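Hello,

Here is the structure for you to take over. Please open it first, then read my notes below.

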Amino acid sequence: MSDFDPDAAPGYPGEGKEDADELRLALEPELSDLQERLYANGRTDPENAPNLLVILQGMDTSGKGGVIRHAIGLVDPQGVKLKAFKAPTKEERSHDYLWRIRNALPERGMIGIFDRSQYEDVLVVRVDSLVPETEWSKRYDEINAFEAELAAAGTTILKCMLNVSFEEQKNRLAERLDDPSKYWKYNPGDLDSRSKWPAYMEAYEAVLQRCSTEVAPWHVIPSNRKWYRDWAVAELLREKLAGLQLQWPEAEFDVAAEKERVARA
Ligand code: AMP
Ligand code: MG
């Protein structure tokens, strides 16, 4: 993790904060068009159309919510299926850890967003020893196999680790306490995970090393600067959707005949 600079802005085509909103919003027309093509394909071919799964991971305050609002928010919400994973419920705990993940997968033509994911089962679970090591250590390979299976079935996977520094997290926690409109985001329990920062970094490192595969590589997004983080995820989303080379579905009716019918209607 120490190889990654949370203050960096790789690939950013502008000057900095001052033009970031403009550059991010400039992605909207293309993103909208691509997302609508995806959705249209899902409607006409609900068995085989592709779909996209965006996995967001990061320490508290890293900005998973901000990315959903500012990057994913550029596309039509009708085509987005959002799922936030919390500590497992009693029912979820009675199943395999991938059970709730499988249940939340996006349908064909949809963009699925995971706010936290199966990776919690090798992050918080590892750091807090919620299951024995013999158990969680098997999960890296299981997760790779699971993601390979999804990819083979037509799901494009975009995994983003929002990388915020220890110092910046402190600033953001303090900000939440300075502003009554942010109290709801403050969770006293976040300080527990903050106190285990090195163990979390080790756990993230294992995830990046063991679960960056060809079909589902991790992208570490420098996230100390919110404007860069939001632009970067929007741009990755655009690249992934563009890579699908989606065509508009052919009409499943005789267009000329239907035009005549409409003219006469
Ligand atoms: P938040 O995303 O801030 O609403 O917090 C959700 C909380 O749920 C975090 O503290 C996560 O660590 C926790 N959580 C998510 N998935 C799991 C899991 N599989 N096992 C234990 N805790 C989890
Ligand atoms: Mg939180």
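**Cysteines**

Cys160 is buried, at 0% relative accessibility (buried is under 20% relative accessible area, exposed over 50%, partly exposed in between, with a 1.4 Å probe and protein chains only). Cys211 is also buried, at 0%.

A note on the source: this is a predicted model, where local features need pLDDT of at least 70, side-chain atom pairs count only at pLDDT 80 or more, and totals for chains, interfaces and linings use all residues. Residues are numbered from 1 along each chain as its sequence is written, chains are lettered from A and ligands numbered from 1 in the order in which they are written, and side-chain values use heavy atoms, with hydrogens and water left out.

How many disulfides does the structure have? A search of the whole structure finds zero (a disulfide is a pair of cysteine sulfur atoms within 2.5 Å). Cys160 is in none, and its nearest cysteine sulfur, in Cys211, is 15 Å away. That is too far for a bond.

**Salt bridges**

The structure holds 18 salt bridges (a side-chain nitrogen of Lys or Arg within 4 Å of a carboxyl oxygen of Asp or Glu). Here are some of them.

- Arg37 and Asp33 pair at 2.9 Å, N to O. They are four residues apart in helix 2, so about one helical turn separates them. Arg37 is buried at 18%, whereas Asp33 is partly exposed at 30%.
- Arg102 and Glu149 pair at 3.0 Å, N to O. Arg102 lies in helix 5 (residues 99-103) and Glu149 in helix 8, so this pair ties together parts that are 47 residues apart in sequence. Arg102 is partly exposed at 40%. Glu149 is partly exposed at 41%.
- Arg261 and Glu258 pair with their closest N and O atoms 2.9 Å apart. Both lie in helix 13 (residues 255-264), three residues apart, about one turn. Glu258 is partly exposed at 27%. Elsewhere, salt bridges that share partners join Glu30, Glu235 and Arg238 into one network.

Lys64 is found in helix 3 (residues 64-70). The side chain of Lys64 does reach the backbone oxygen of Gly58, at 3.0 Å. Leaving aside neighbours within four places in sequence, Lys64 has contacts that include Leu56, Gln57, Arg116 and Leu162 (contact means heavy atoms within 4.5 Å).

**Helices**

Helices (H or I, at least four residues) and strands (E, at least two) are DSSP runs, numbered from the N terminus. The expected span of a helix is 1.5 Å times one less than its number of residues.

Helix 2 (residues 28-44) has 17 residues and should span 24 Å; its end C-alpha atoms are 24 Å apart, which agrees. Its buried residues include Leu31, Leu34, Leu38 and Ala40. Among the elements covering the buried residues of helix 2 are strand 1 (51-58), strand 3 (111-115) and helix 12 (226-243).

Helix 11 (residues 197-210) has 14 residues and reaches 20 Å from its first C-alpha to its last, close to the 20 Å expected. Among its buried residues are Trp197, Tyr200, Tyr204 and Leu208.

Best wishes

Notes:
A polar contact is a pair of N or O atoms within 3.5 Å; within protein, one must be able to donate a hydrogen and the other to accept it, and residues adjacent in sequence count only if both atoms are side-chain atoms.
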